[in-house]
Amino acid sequence: MPSSASPVVRRVRLGVELRRLRHRESLTLEQVCGRLGWASTSKLSRIELGQSRPDLADVLDLLDVYAVPPDRRDALIVIARDAATGRGWSKALGEMGERQRAYAELEASAARIVEYQPAVVPGLLQAPGYARLRVTAGSLLADGVDVEADVRARAVRQQVLRRTDAPHYTALLDERVCDPGGLPDEVWREQLSHLLAAAELPNVEIRLLPRDAAPHGGVHPLAAFSYFAHPDPADPRTVLVETLTADLRLVDEIDIARYERLIDWLSAAALPADKSAELLAGRLGAAPVPRPREAADAPLPQPS
C-alpha cells in the first residue's frame, strides 16, 4: 500500500487552504466564480469542501485570483498534485468497496490511528475466518457483496501495520468484543491468537475496557469510531463514525477536539496493554465454550 499522503486527506487540506485565501480576500463564491467564468458556484464549493478531485489548472487560476506569493503558491501546488493523485492509489488498494477504501486511504497515510469498538474486532485486526463471518453477515443487508474480495481487501489493509513506516495504532476494545459471541470455537480461537500476534508489533497497542469500566464522567461513545492523525500536522485530523449503512466523516476542529478528549478518557479507563494481553491469553487457554444455537444463527452486523 502507498505511504504517501492520502488524496482524500490532501483534498480536504487543499479545500481548507483555498477557503482561507478566499476569506482573506473578502470574496464570495459568486465573485470568484464570476472572475473565472465558472458557470456555477457548486464547482468551487466542492473543491473547498474536499469533495472532488481538483484540476491543477483550476487551482492555478484560483491562486492567481487570490494573489498568492510564489513560496506559498509552490507549497499549495504540491498539495494540489497530491489531491489529484488517484491512479497509483487505486491500483494499490485493489478491489476494495467504497467503505473499505475510505478507511484504507486514511490508514495508509496516517501517523497515528486510534479505534474504539464496543461490539466487533476492527478490520485492521480481523483474522480471515472472523472477517469472512462478519462480511457474510453484512451481506444479508446489502446486495452484491463479494465476500471473498472483501476478505482479501481487509488483508491488504492490514499490511499498513507492518510497514517500515507503520502508524502507531491503538485499539480500545470493549471486553465483550473478545467473548465467543456465538462464533464457532475455531474461529474464536483463531481471532484471539491473531489479536495476541498483532499486540506484539512494536507500533500496535491493544487495550481492553473491562465490563465495569467507567470513563470520565460516565461518558460512553454511542458508536464505534476511528481517529486518524497524519505526519504533516497541517493535514486535517479525521474521525470516521461507523453506522449501519455509511460512515460519518468529521474534520471540524471542534468535533475532533471532543473525540480526542474522549480518547483520553477511554484510555484512562482501559486496561494497560500488558494486562489486556494477559486477559486475551487467559481466554485462549480456557476450555472451549459451547456455541449457543440461537446466537450462531443470528445475523451479525458488518464492521468497518
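**Side-chain contacts in the predicted model**

Leucine 141 is found in the loop between helix H8 (128-138) and H9, where helices (H or I, at least four residues) and strands (E, at least two) are DSSP runs numbered from the N terminus. The model is predicted, and local features need pLDDT of at least 70, side-chain atom pairs count only at pLDDT 80 or more, and totals for chains, interfaces and linings use all residues. Residues are numbered from 1 along each chain as its sequence is written, and side-chain values use heavy atoms, with hydrogens and water left out.

With a relative accessible area of 62%, leucine 141 is exposed (buried means under 20% relative accessible area, exposed over 50%, partly exposed in between, with a 1.4 Å probe and protein chains only). Together, Leu140, Leu141 and Leu244 make a nonpolar surface patch of about 370 Å². Patches are made of residues with over 30% relative accessible area and no salt bridge, with like charges joined within 9 Å and nonpolar side chains (Val, Leu, Ile, Met, Phe, Trp, Tyr) within 5 Å. The areas come from the Shrake-Rupley method with a 1.4 Å probe, and for residues only the protein chains shown count as cover.

Turning to charged pairs, the structure holds 22 salt bridges, each a side-chain nitrogen of Lys or Arg within 4 Å of a carboxyl oxygen of Asp or Glu. In one of these, the side chains of arginine 10 and aspartate 235 meet at 2.8 Å, N to O. Arginine 10 belongs to helix H1 (residues 7-24) and aspartate 235 to the loop between strand E4 (225-229) and strand E5 (238-242), so this contact ties together parts that are 225 residues apart in sequence. Arginine 10 counts as buried at 10% relative accessibility, and aspartate 235 counts as buried at 5%.

Glutamate 17 and arginine 13 form a salt bridge at 3.1 Å, N to O; because the two are four residues apart in helix H1, about one helical turn separates them. Glutamate 17 is buried at 10% relative accessibility, as is arginine 13 at 9%.

A further salt bridge joins arginine 157 and glutamate 107 (2.6 Å, N to O). This pair links distant parts of the chain, with arginine 157 in helix H9 (residues 147-158) and glutamate 107 in helix H7 (residues 98-109), 50 residues apart. Both arginine 157 and glutamate 107 are buried. Elsewhere, salt bridges with shared partners join Arg10, Arg13, Glu17, Arg72, Asp82, Asp232 and Asp235 into one network.

Aromatic pairs number two, counted when ring centres of Phe, Tyr and Trp (its six-membered ring) lie within 6.5 Å; planes under 30 degrees apart are stacked, over 60 edge-to-face and the rest tilted. Phenylalanine 225 and tyrosine 259 are edge-to-face, at 4.9 Å centre to centre and 70 degrees between the planes. Phenylalanine 225 lies in strand E4 and tyrosine 259 in helix H11 (residues 253-269), 34 residues apart, a link between distant parts of the chain. Phenylalanine 225 counts as buried at 2% relative accessibility. Ring pairs connect Tyr116, Phe225 and Tyr259 into a cluster.

A ring also takes part in a contact with a charge: the charged end of lysine 43 sits over the ring of tryptophan 38, 4.3 Å from its centre (NZ of Lys or CZ of Arg within 6 Å of the ring centre and within 35 degrees of the ring normal).

Finally, the structure holds zero disulfides, a disulfide being a pair of cysteine sulfur atoms within 2.5 Å. Cysteine 33 is buried at 3% relative accessibility, and cysteine 178 is buried at 1%.
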